[in-house]
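My entries follow the display.

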Amino acid sequence: AEEVVGENNRGFLEERKSGHASAGSVIADENRDREAVYGLIAKQTGATADSVGRARAKQIAENSRSGVWVQDASGRWIKK
C-alpha cells in the first residue's frame with residue numbers, strides 16, 4: 001500500500017495511484033479522524049485547521065520511515 005498511499009502536504013493521506021478499492025475507505029476514515037483533531041487543535045490555539053494540518057504534515061514527513069511517500073510544500077511527491 002506504500003506505493004498507493006502517501007502523506008500529503010496538508011497533513012492528510014492521499015491516494016497516489018487509484019485501483020485499490022479498500023484503500024479509499026481506509027484513507028477516508030483516517031482523514032476524517034485527522035480533520036477532527038486538526039479542528040480541535042485549531043479551536044484551542046486560534047489557528048486554522050489548514051495551518052494545523054500543514055504543520056502536522058511537516059512533522060509526519062520528518063518522522064516517516066524509509067519508503068513512505070511524502071509530498072513537499074510545492075506539491076512534489078518524494079519517496080523517503
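This is a predicted model: local features need pLDDT of at least 70, side-chain atom pairs count only at pLDDT 80 or more; totals for chains, interfaces and linings use all residues.

Entry on the count. I took a salt bridge to be a side-chain nitrogen of Lys or Arg within 4 Å of a carboxyl oxygen of Asp or Glu, and by this rule I find five salt bridges.

Entry on R54. I looked up its pairing with D50 and found a salt bridge between the two side chains, at 3.1 Å from N to O. R54 and D50 are about one helical turn apart, because they are four residues apart in helix α2, which covers residues 49-63. R54 has 34% relative accessibility and therefore counts as partly exposed, and D50, at 40%, also counts as partly exposed.

Entry on R34. I then turned to the salt bridge between the side chains of R34 and E7, which I read as 2.7 Å from N to O. This pair links distant parts of the chain, since R34 belongs to helix α1 (residues 21-45) and E7 to strand β1 (residues 5-7), 27 residues apart. Is R34 buried or exposed? At 14% relative accessibility R34 counts as buried, and E7, with a relative accessible area of 12%, is buried as well.

Entry on R32. I found a salt bridge from R32 to D29, with the closest N and O atoms 2.4 Å apart. Both residues lie in helix α1, three residues apart, about one turn of the helix, and D29 is partly exposed, with a relative accessible area of 39%.

Definitions and conventions. Residues are numbered from 1 along each chain as its sequence is written. Side-chain values use heavy atoms; hydrogens and water are left out. Helices (H or I, at least four residues) and strands (E, at least two) are DSSP runs, numbered from the N terminus. Buried means under 20% relative accessible area, exposed over 50%, partly exposed in between (1.4 Å probe, protein chains only).
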